[in-house]
Amino acid sequence: SSGRVEYLGRLRVALRGGGQQQERLRFEDLFLELLEDAGSPLPFDELLRQARTRSDVREETAKILLNQAPFVRLDEARIGLVERDIPGGPEAVAVAVDAVAAHLAQTQRGLTPHQATLLVQRLSEVHAGWSRQLVVSLLRSEASLRIDRSKNIGLDEWDDSRCPTRAEFLRREVARAG
């Protein structure tokens, strides 16, 4: 009501003439800018800390946004950019996605993250160094694939990921062992 504060929308305000950004800040753009400025992947905690110097982004929001392209989780801690930070680049990504999709189509059975990672790591020397987090992160961004709540991977055209539940797996293994 003092007239010195400007409302930016979505519960965001700035001082008039205070030098702050006067248009709405998009969190995805902020994370992208921070990673580009860093020139290399950053640990999630550091990326969030830097973002919070310019915004009040919630940790949950950051996790959701950074879980999809153009971002990629390289390992337990580091977040990078799909176009810049994946060993082997876009060509290696295409080979990995094609291999997983072909395996799923051929077997008509889903893959666990561990199985998908092993499949990808056997593709080449470049792929051999890829972490489970990197493989799942890339597959999550692929429209032709689906990942369920248990992170099991299947084809998008299927009704489910076609992976057994833990209980089904245990029953099958006990029956197999007699």
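Is Glu33 buried, partly exposed or exposed? Glu33 turns out to be partly exposed, with a relative accessible area of 33%; here buried means under 20% relative accessible area, exposed means over 50%, and partly exposed is what falls in between (1.4 Å probe, protein chains only). The model is a predicted one, so to speak of local features takes a pLDDT of at least 70 and side-chain atom pairs count only at pLDDT 80 or more, while totals for chains, interfaces and linings use all residues. Residues are numbered from 1 along each chain as its sequence is written, and side-chain values use heavy atoms, with hydrogens and water left out.

The side chain of Glu33 meets that of Arg54 in one of them, at 3.0 Å from N to O. This pair links distant parts of the chain, 21 residues apart: Glu33 sits in helix 1 (residues 27-38), and Arg54 in the loop between helix 2 (44-51) and helix 3 (59-65). Helices (H or I, at least four residues) and strands (E, at least two) are DSSP runs, numbered from the N terminus. Arg54 counts as partly exposed too, at 36% relative accessibility.

Arg58 and Glu60 make another salt bridge, with 3.3 Å between the closest N and O atoms. Arg58 is exposed at 54% relative accessibility, whereas Glu60 is partly exposed at 46%. Then there is Arg132 with Glu76, whose closest N and O atoms are 3.9 Å apart. That pair also links distant parts of the chain, 56 residues apart, with Arg132 in helix 8 (residues 132-140) and Glu76 in the loop between strand 4 and strand 5. Arg132 is partly exposed, at 36%, and Glu76 is exposed, at 61%. Arg172, Glu173 and Arg176 are linked in a network of salt bridges.

On to the strands, which pair if DSSP finds at least two bridges between them. Strand 4 (residues 71-73) runs antiparallel to strand 5, and three bridges join the two; Arg73 has Ile79 as its bridge partner in strand 5. The two strands form a hairpin with four residues between them. Strand 5 (residues 78-81) is also joined by two bridges to strand 3 (residues 42-43), again antiparallel, and here Pro43 partners Arg78.

What about the nonpolar interior? A nonpolar core is a set of buried Ala, Val, Leu, Ile, Met, Phe, Trp, Tyr and Cys residues joined through side-chain atoms within 4.5 Å. The largest has 25 residues, and Ile86, Val100, Leu104, Trp130 and Leu139 touch the most other members. Helix 5 (89-107), helix 6 (113-121), helix 8 and strand 7 each supply at least two residues of this core, the largest share being the eight from helix 5. Apart from it lies another core, of 16 residues, including Leu35, Leu48, Ala51 and Phe71. Beyond its neighbours within four places in sequence, Leu104 is in contact (heavy atoms within 4.5 Å) with residues including Leu111, Leu145, Ile153 and Trp158.

Finally, Asp148 lies in the loop between strand 6 (145-147) and strand 7 (153-155). Asp148 is partly exposed at 28%, and a polar atom of its side chain lies 2.8 Å from the backbone nitrogen of Asn152.

Terms used: Polar contact = N/O pair within 3.5 Å; in protein donor to acceptor, adjacent residues only side chain to side chain. Salt bridge = Lys/Arg side-chain N within 4 Å of Asp/Glu carboxyl O.
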